[in-house]
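Here is a short report on one protein model. It starts with the overall fold and ends with single residues.

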Amino acid sequence: MKNIISRNSIFAWLALATGILLLIPFVAMQLSSQVQWSFGDFGAMGALLFGTCSLYVLIARRIKPQQRVFVGVVLALAFFYIWSELAVGVFLNLAD
């Protein structure tokens, strides 16, 4: 059996998972007025999720299996940094 990372179908699974994760704020918007995402918010989050996961897959295909955890942690930290900056500007408050 081939490794899941080496299959090209992994990108279809990543797209499906991204879509499912984006259903969470979509449903929250229907149930509460406190969640207000625009089409651009969904696009940015979808691109960030799918892009980060795809980048991990592409890097993981080229490195040793022992290094994959380190790459995953680095990409996860980058993902959360960019997410927090886009959401509220936690680290770089450019409005001041």
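Helices (H or I, at least four residues) and strands (E, at least two) are DSSP runs, numbered from the N terminus. By that rule, Arg-68 lies in helix 3.

This is a predicted model, in which local features need pLDDT of at least 70, side-chain atom pairs count only at pLDDT 80 or more, and totals for chains, interfaces and linings use all residues. Residues are numbered from 1 along each chain as its sequence is written, and side-chain values use heavy atoms, with hydrogens and water left out.

**Overall fold**

The protein chain has three helices and zero strands. Its pattern along the sequence is α-α-α. pLDDT is the predictor's confidence in each residue, from 0 to 100. The chain averages 90, and 94% of the residues score at least 70. Confidence is highest in helix 2 (residues 39-60), at a mean of 96, and lowest in helix 3, at 93.

The radius of gyration is 16 Å, while a compact globule of 96 residues would have a value near 12 Å. That radius is taken over C-alpha atoms, and the globule rule is 2.2 Å times the number of residues to the power 0.38. The C-alpha trace spans about 45 × 35 × 15 Å along its principal axes.

**Arg-68**

Is Arg-68 buried or exposed? Arg-68 is buried, yet has no salt bridge. A salt bridge needs a side-chain nitrogen of Lys or Arg within 4 Å of a carboxyl oxygen of Asp or Glu. The nearest side chain of opposite charge, Glu-85, is 30 Å away. Here Lys and Arg count as positive and Asp and Glu as negative; His and the chain ends are not counted. The Arg-68 side chain does reach the backbone oxygen of Ala-60, at 3.2 Å. Leaving out residues up to four places away in sequence, Arg-68 touches Asn-3, Ile-5, Tyr-56, Ala-60 and Ile-63. Contact means heavy atoms within 4.5 Å.

Gln-36 sits in the loop between helix 1 (10-31) and helix 2. Its side chain reaches the backbone oxygen of Ser-33 at 3.0 Å. Gln-36 counts as exposed because its relative accessibility is 65%. Ala-78 belongs to helix 3 (residues 68-88). Its relative accessible area is 33%, so Ala-78 is partly exposed.

Two C-alpha pairs follow.

| Pair | Sequence separation | C-alpha distance |
|---|---|---|
| Ala-78 and Thr-52 | 26 residues | 8.7 Å |
| Gln-36 and Leu-77 | 41 residues | 25 Å |

Terms used: Buried means under 20% relative accessible area, exposed over 50%, partly exposed in between (1.4 Å probe, protein chains only). A polar contact is a pair of N or O atoms within 3.5 Å; within protein, one must be able to donate a hydrogen and the other to accept it, and residues adjacent in sequence count only if both atoms are side-chain atoms.
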